[in-house]
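Please look at the structure shown below. The paragraphs after it lead through its parts in turn.

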Amino acid sequence: MDFFVDHYKILGLEPTATEDEIKKAFWKLAKLYHPDKGGDPYKFHQIFISYQFLLDKQKRKNYDKTYKEFIKKINLENRYQNAKVIESNRFYYTATLKRFLEKQVRISKIKKKDRLFLANIQYDYEVKLNLQEFECDLIFKVPVVLKKICKYCYGNDLNCSYCNGLGKYKTQAIVQIFIPAHTLHPGQMIKINLEHLKSKSLDVYSEKKMIRIYVDVK
Ligand SMILES: [Zn+2]
């Protein structure tokens, strides 16, 4: 799947091209790139290979079956590469002391869950985008808190100095999420599943199965 030649693109054709169109496209390009006329031999070779390939009915039939998928994959990769990155420092964690004080929630002796309820905060992060950013493909780099199993005691030593006997400790990771252009609007809350973070090595996990991000306009 890694190596893919876009024979249609090489000949400047649409995937719907007829045999006649393939031949015409080949002759036109062959004139331009023929090494006898000072053209680039490598380029000419490429054109010739694609031409031969597409004229082979059986080969073309098999190729067309996966062509759309390949193009989709390539387009998506291009979009990923050109997407605007929203860095992790733009995601504000809502369960901070400052936020609770702003919402006039007293902190002492109240569980975090109840504090969030009292403050009427129904999401974990806030991010503010400018209007232009709503129009582009984005990559959200969301900082998440993960728990890691202590590799020194695996939770079997109450006197472990590394994890203070807890068997696990907190660590941070950045989760990257691709957001296609025009899918967000101000005032929207999006949910991101973290279950895939459980990963192959079960020593890192997220206590939250889901994070909620509130998106607003700057
Ligand atoms: Zn430990």
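The buried residues of helix H3 pack against helix H1 (7-10), helix H2 (19-33) and helix H4 (57-82). Here a residue is buried if 20 or more other C-beta atoms lie within 10 Å of its own, exposed if 12 or fewer, and partly exposed in between, with C-beta atoms placed from the backbone; contact requires two such atoms within 7 Å. Helices (H or I, at least four residues) and strands (E, at least two) are DSSP runs, numbered from the N terminus.

This is a predicted model, in which local features need pLDDT of at least 70, side-chain atom pairs count only at pLDDT 80 or more, and totals for chains, interfaces and linings use all residues. Residues are numbered from 1 along each chain as its sequence is written. The protein averages a pLDDT (the predictor's confidence in each residue, from 0 to 100) of 88.

Which residues of H3 are buried? They are Ile47, Ser50 and Leu54.

Turning to the cores, a nonpolar core is a set of buried Ala, Val, Leu, Ile, Met, Phe, Trp, Tyr and Cys residues joined through C-beta atoms within 7 Å. The largest has 13 residues, of which Tyr125, Phe140, Val142, Ile211 and Ile213 touch the most other members. Strands E3 (125-129), E4 (138-149) and E8 (210-217) each give two or more residues to this core, and E4 gives the most, with four.
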